[in-house]
Amino acid sequence: MTAQSLTEPELVMPAKGALLPGGLHVRRAIPQARRRMVGPFIFLDEMGPAELVAPKSADVLAHPHIGLSTLTYLFAGEGLHKDSLGSVQRILPGEVNWMAAGGGIVHAEFMRGGGAGNLHGLQFWVAHPDGAEERDPSFTHYDADATRSGGEGGVHWTLISGSLWGERTDIQVTSPLFLVEARLEAGAVLELPAEYDERAVYVLSGEAVAGTTGLKSGDVALLPRRGTVPVVAREDARVILFGGDPLGSPRHIRWNFVSSSKDRLAQAAEDWRQRRFPRIPGEDRYIPLPGDGNAPVFYP
């Protein structure tokens with residue numbers, strides 16, 4: 001294998017567009033048919049950027065999860081998280097909400113524009129590792145000082161979770177991983193070391209080059225398992241770097257559920273249909289199972 005082949009992406013995919021309630025546009029980088037996971041990451045949505053001037057909002061009403069942690073991170077705007085543990089937590093740019101679903105949790109998310117009406121952020125799903133899929137659910141909010149930042153030579157990066165470059169955040173993760181936001185001035189170079197088996201680059205804005213492969217806004221590139229990969233900005237660019245070590249067994253996904261067992265996914269779906277999941281205090285509407293109806297409904 002040549003040195004050049006070590007620095008080339010194995011796969012480049014454009015993110016898929018979709019609309020959230022309230023007309024908020026999202027780009028979904030993973031999962032896709034050509035690649036379902038990167039390390040323990042099984043889902044990445046970029047929300048916005050969008051203008052949500054009050055009273056306009058993007059609300060995702062009560063819905064369930066199993067087998068995964070959600071990580072929410074905002075660049076602009078604000079959100080309000082509520083869950084069936086009784087958590088009620090506001091999130092602002094630079095902060096992190098980490099919710100571990102374990103054997104089952106229900107949450108709702110209410111997104112608003114910031115002072116200028118702008119909303120922009122990310123949500124990841126991180127699959128629980130083997131032996132911890134049915135752990136007790138939990139929710140933790142982290143202020144911005146739980147992350148780590150640095151940079152030089154036209155690069156500024158924020159390590160949002162996990163560890164990389166000898167740095168480690170205060171955020172308690174469930175398996176080896178890294179998640180970085182980086183802003184690169186035109187011509188700047190950021191080197192992504194081979195600390196993990198699976199790595200990816202997602203371009204939020206601008207254009208960049210991974211190895212010698214050009215990437216534009218909305219592209220996600222799956223990188224080789226070995227070799228340091230240079231990421232070069234063709235113009236001012238903003239990128240997300242993420243990945244980790246793969247889990248021991250494959251994961252399946254059905255709606256908002258993740259599990260190594262397809263039978264467990266079917267059970268979770270029926271539990272939601274029969275309203276066996278716990279409820280969020282004070283929330284009387286929920287999203288039905290796909291196929292059971294399109295509009296949110298009221299609890300009986």
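How accessible is Arg225, and does it count as buried, partly exposed or exposed? In this predicted model, Arg225 has a relative accessibility of 44% and therefore counts as partly exposed. Its salt-bridge partner is Glu198, with the closest N and O atoms 3.3 Å apart. The pair connects strand S18 (residues 198–205), which holds Glu198, to the loop between strand S21 (219–223) and strand S22 (229–233), which holds Arg225, across a separation of 27 residues.

Confidence in the model is summarised by an average pLDDT of 91 for the protein chain, with 95% of the residues scoring at least 70. Residues 1–6 have pLDDT under 50, and the model shows five contacts beyond four places in sequence for this segment.

The salt bridges of the model number 18. One of them joins Arg251 to Glu133, the closest N and O atoms lying 3.6 Å apart. This pair bridges 118 residues of sequence, from the loop between strand S11 (118–127) and strand S12 (138–142), where Glu133 is located, to the loop between strand S23 (237–244) and strand S24 (252–254), where Arg251 is located. Arg251 is buried, since its relative accessibility is 9%, and Glu133 is likewise buried, at 12%. A further salt bridge, with an N to O distance of 3.0 Å, is formed by the side chains of Arg273 and Asp292. Here helix H2, which contains Arg273, is linked to the loop between strand S26 (285–286) and strand S27 (297–298), which contains Asp292, the two residues being 19 positions apart. Arg273 counts as partly exposed at 34% relative accessibility, as does Asp292 at 41%. Through shared partners, salt bridges also join Arg35, Glu198 and Arg225 into one network.

Glu95, in the loop between strand S8 (88–91) and strand S9 (96–100), is buried but has no salt bridge, the nearest side chain of opposite charge being that of Arg90 at 7.2 Å. The side chain of Glu95 instead reaches the backbone nitrogen of Leu92 at 2.9 Å. Beyond four places in sequence, the residues touched by Glu95 include Thr72, Tyr73, His141 and Tyr142.

The largest nonpolar core comprises 30 residues, among which Phe124, Tyr202, Ile240 and Phe242 have the most contacts inside it. A second, separate core of 25 residues includes Val180, Val201, Ala221 and Leu223.

How values were computed. Residues are numbered from 1 along each chain as its sequence is written. This is a predicted model: local features need pLDDT of at least 70, side-chain atom pairs count only at pLDDT 80 or more; totals for chains, interfaces and linings use all residues. Side-chain values use heavy atoms; hydrogens and water are left out. Helices (H or I, at least four residues) and strands (E, at least two) are DSSP runs, numbered from the N terminus. Buried means under 20% relative accessible area, exposed over 50%, partly exposed in between (1.4 Å probe, protein chains only). Lys and Arg count as positive and Asp and Glu as negative; His and the chain ends are not counted. A salt bridge is a side-chain nitrogen of Lys or Arg within 4 Å of a carboxyl oxygen of Asp or Glu. A polar contact is a pair of N or O atoms within 3.5 Å; within protein, one must be able to donate a hydrogen and the other to accept it, and residues adjacent in sequence count only if both atoms are side-chain atoms. Contact means heavy atoms within 4.5 Å. pLDDT is the predictor's confidence in each residue, from 0 to 100. A nonpolar core is a set of buried Ala, Val, Leu, Ile, Met, Phe, Trp, Tyr and Cys residues joined through side-chain atoms within 4.5 Å.
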